[in-house]
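Colleague: Put the structure up, please, and take me through the parts worth a look. Start with how you use your words.

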Amino acid sequence: MNWIADYIEGHGEEFWQRALKIHGYAELAGEERQSAAELCAMLEQAGFAVEQGLGSQPTAFRAVYGSGGPVIGFLCEYDALPKLNQTEGTCYNGDGRSGHGCGHNLLGVGAAAAAMALREEMEKGGLSGTLVVYGCPAEETLFGKTKMAEEGYFKELDVALAWHPEDHYCCGEVCHKAMDSIRFRFHGRSAHASVCPEMGRSALDGAEMMSVGANYLREHVPDGVRIHYSYLSAGEKPNVVPDFAEVWYFVRSNRRRIVDQVTERLIQVARGAAMMSGTEVEWEFLARGNSTRINTTLADLAYGCMGRVPLPRWEEPELRLAAGLGESLGLPGTICGELTPPEGRELAGSGSTDFSAVSQTVPSVEINTVCFTRGTPGHHWAVTAQSCSPIGRKGMLYAAGVLAEMGKALLEDPGLLSRAREEYLARAE
Ligand SMILES: [Zn+2]
């Protein structure tokens, strides 16, 4: 008897309808009221005790089932991205509103569904322990889980299980980059740019000279460092010396201490630019995220479970959608169908995620399942399109099955938990 598979199959349509609703809400980071309420309602109906609003974040939640150890955590995300609205389809049909361009509607429902299926297994199979589903808002700003970890959440868990929709399968050895998100604000003195330019001190000059300095800095940083920026404010009319300018920087590396060093040098660049332009500069950290502490013990477990749960079979509707998107975006037009075994080592990731904050707090793993056609670019309308498509549906239900099986294995085998714990401690930096 496989209670997990039966439960997911029996509730598959309900899970899908919830994922479609959240796809429609498409609420931005920190504003996910309806999306969080949807997931809480789903968990409450399944017998979880739900607490809405955690610490400083009203759209975070915690849903608990069971008592005593082991304590297995499941992480939900549900925030959308600006301007990526789109319905299922192979050509852009968005209207500029926000959309689930990272597939977090699938992510949130899939993680909650995993916990619900495992609860069924515990009841029917007589397994004991505690399941905690964490509703984690604002992933896209790197803020949500980072703040929750700072406020003491996640510590209660023995293991945290997570997943993210992707265009390939991965059992979770990716070290996502540590990242600082910093806004620099230059304050100058306004003047008529032609009549009395000598009276003016241009905040825009300060910001531009900072960019020049930052671009020279690039040559002298360790491999793998990324520095990128955008101007948020750069003055109004050319004949008015701008008294205010604002630039937003991200600094990333696979090691937190390298981010600290490069950020410190970037701040010196900003100070120098302010001095040269006769302006003042101040800065604000929006987020300071860590890199991922991987766990190969949990990655091995994930691979085993990913092989045991039947992989999605891609049929006519999915293949047609993939081919259409392939044509409109110049992608291969195919959908990945193979599992890749773990490599037993850290793989360098290119992006950043606040999942890393959880991975530094307790032993954690984040798997990827196929919800998108091969080569789909991240944070793109094509993701939004597939997050309400049969590809997304199958990938989400598969992820739910895998995470539930992983949880079951961890509840059944205390040795596995202690090996994961030992590895977590050994990988501390
Ligand atoms: Zn995402």
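Modeller: Buried means under 20% relative accessible area, exposed means over 50%, and partly exposed is in between, using a 1.4 Å probe and protein chains only. This is a predicted model, so local features need pLDDT of at least 70 and side-chain atom pairs count only at pLDDT 80 or more, while totals for chains, interfaces and linings use all residues. Residues are numbered from 1 along each chain as its sequence is written, and side-chain values use heavy atoms, with hydrogens and water left out.

Colleague: Fine. Is leucine 81 buried or exposed?

Modeller: Leucine 81 counts as buried because its relative accessibility is 10%. Leucine 81 sits in the loop between β3 (71-77) and α3. Helices (H or I, at least four residues) and strands (E, at least two) are DSSP runs numbered from the N terminus.

Colleague: What is leucine 81 in contact with?

Modeller: Contact means heavy atoms within 4.5 Å. Setting aside neighbours within four places in sequence, leucine 81 is in contact with Leu28, Ser98, Gly99, Gly101, Cys102, Glu140 and His379.

Colleague: Next, the metal. Which residues are the protein donors of the zinc ion?

Modeller: Cys102 (SG), His104 (NE2) and His164 (NE2), lying 2.1 to 2.2 Å from the zinc ion. Donors here are N, O and S atoms within 2.8 Å of the metal (3.2 Å for Na, K and Ca), and since water is not among the atoms, sites may look incomplete.

Colleague: How are the donor residues spaced in sequence?

Modeller: The spacing is C-x1-H-x59-H. Histidine 104 lies in helix α3 (residues 104-125) and histidine 164 in strand β5 (residues 159-166), so the pair ties together parts that are 60 residues apart in sequence. Both histidine 104 and histidine 164 are buried.

Colleague: Staying with α3, what about arginine 119? Which residues does arginine 119 touch?

Modeller: Arginine 119 is in helix α3 and counts as buried, at 15% relative accessibility. Not counting residues up to four places away in sequence, arginine 119 touches Ala46, Gly47, Phe48, Tyr65 and Leu131.

Colleague: Which residues other than glycine have a positive phi?

Modeller: Among them is alanine 138, with phi near 50 degrees. Alanine 138 lies in the loop between β4 (129-136) and α4 (144-150) and is buried, at 4% relative accessibility. Histidine 379 also has phi near 50 degrees. Histidine 379 lies in the loop between β12 (364-370) and α10 (381-386) and is partly exposed, with a relative accessible area of 42%.

Colleague: And alanine 382, buried or exposed?

Modeller: Buried, with a relative accessible area of 0%. Alanine 382 lies in helix α10. Leaving aside neighbours within four places in sequence, alanine 382 is in contact with Leu325, Leu329 and Thr376.

Colleague: Last topic, helix packing. At what angle do α1 and α11 pack?

Modeller: Helix α1 (residues 3-25) and helix α11 (residues 390-412) pack at about 135 degrees, with their axes 10 Å apart. Axes are lines fitted to C-alpha atoms, for helices over the stretch in contact, and angles run from 0 to 180 degrees between N-to-C directions. α1 and α11 are therefore oblique to each other. Angles under 35 degrees count as roughly parallel, over 145 as roughly antiparallel, 65 to 115 as roughly perpendicular, and the rest as oblique.

Colleague: What classes do the residues of the contact of α1 with α11 divide into?

Modeller: Nine are nonpolar, three polar and four charged. Ala, Val, Leu, Ile, Met, Phe, Trp, Tyr, Cys and Pro count as nonpolar, Asp, Glu, Lys and Arg as charged, and the others, Gly among them, as polar.

Colleague: How do α1 and α2 cross?

Modeller: The axes of α1 and helix α2 (residues 33-45) come within 9 Å and cross at roughly 165 degrees. That makes α1 roughly antiparallel to α2. The contact is made by Glu14, Phe15, Arg18, Lys21, Ile22 and Tyr25 of α1 and Gln34, Ser35, Glu38, Leu39, Ala41, Met42 and Gln45 of α2. By class, that contact has six nonpolar, three polar and four charged residues.
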